[in-house]
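I opened the model today and kept notes as I went. Each entry records what I looked up and what came back.

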Amino acid sequence: MLTYYNMSYKENKNYKKYCKKYKDVNKTINTLENFCKQHNCTMEIFGSLLRKDYYYGKSDIDMVLITNNVDKTSSEFEYFINRNPYIDLKAKKIVSYGANKD
């Protein structure tokens, strides 16, 4: 039987270990969390940062922003990351999707 537990990325032991070890990763995530607070959206992290196979300087950080206004938040996010000194983008790949609940 598969049991699903919806654990926040902040509770993940690998996430905690990497953020403690790599202060710039922690600073970047805190900066992105502040963006979410200011723009009324939610961030979730997934991928290698939550597993044992994260390689500092080589792995990317996979994240998704959850919002009620995809177009506006995507535009504000792109502006934010391009002008924020704490976010170092090696390759910029922003993909936005929207769903109409009606």
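**Entry 1: a loop residue**

I began with N40, which is exposed, with a relative accessible area of 68%. I note that this is a predicted model. N40 sits in the loop between helix 2 and strand 1 (42–46). I then looked up its phi and found a value near 50°, positive although the residue is not glycine. Most residues other than glycine have a negative phi.

**Entry 2: the chain as a whole**

Next I stepped back to the fold. I find three helices and two strands in the protein chain. Read from the N terminus, the order of elements is α-α-β-β-α. Of the 102 residues in the chain, 30% are buried. I looked up the accessible surface too: about 8100 Å², with 49% of it belonging to carbon and sulfur atoms. Then I took the contacts between residues at least 6 apart in sequence, and 50% of them join residues at least 24 apart.

**Entry 3: helix 3**

Which residues of helix 3 are buried? I list V70, T73, S74, F77, F80 and I81. Looking down the helix axis, I see these buried residues fall within an arc of 130°, so they line one face of helix 3. An α-helix has 3.6 residues a turn, so residues three or four places apart point the same way. On the other side of helix 3, I find D71 and Y79 exposed.

**Entry 4: T31 in helix 2**

I moved to T31, which is found in helix 2. T31 has 8% relative accessibility and counts as buried, because the cut-off is under 20%. Setting aside neighbours within four places in sequence, I find T31 in contact with F80, N84, Y86 and I87. F80 was already in my list of buried residues in helix 3.

**Entry 5: aromatic pairs**

I searched the whole structure for aromatic pairs and found six. I looked at Y22 and Y54, which form a tilted pair: 6.5 Å centre to centre, with 55° between the planes. This pair links distant parts of the chain, 32 residues apart. Y22 is in the loop between helix 1 (13–21) and helix 2, and Y54 is in the loop between strand 1 and strand 2.

Are Y22 and Y54 buried or exposed? Y22 counts as buried at 18% relative accessibility. Y54 is buried as well, with a relative accessible area of 7%.

Y22 also pairs with Y56. I get a stacked arrangement here, 4.1 Å centre to centre and 5° between the planes. Y22 lies in the loop between helix 1 and helix 2 and Y56 in the loop between strand 1 and strand 2, so this pair ties together parts 34 residues apart in sequence. Y56 counts as partly exposed, at 40% relative accessibility.

Last, I asked which residues form one aromatic cluster. The cluster holds Y18, Y22, Y54 and Y56.

Conventions
Residues are numbered from 1 along each chain as its sequence is written. This is a predicted model: local features need pLDDT of at least 70, side-chain atom pairs count only at pLDDT 80 or more; totals for chains, interfaces and linings use all residues. Side-chain values use heavy atoms; hydrogens and water are left out. Helices (H or I, at least four residues) and strands (E, at least two) are DSSP runs, numbered from the N terminus. Buried means under 20% relative accessible area, exposed over 50%, partly exposed in between (1.4 Å probe, protein chains only). Contact means heavy atoms within 4.5 Å. Accessible areas come from the Shrake-Rupley method with a 1.4 Å probe; for residues, only the protein chains shown count as cover. The arc is that of the directions from the helix axis to the C-beta atoms. Rings of Phe, Tyr and Trp (its six-membered ring) pair if their centres lie within 6.5 Å; planes under 30 degrees apart count as stacked, over 60 as edge-to-face and the rest as tilted.
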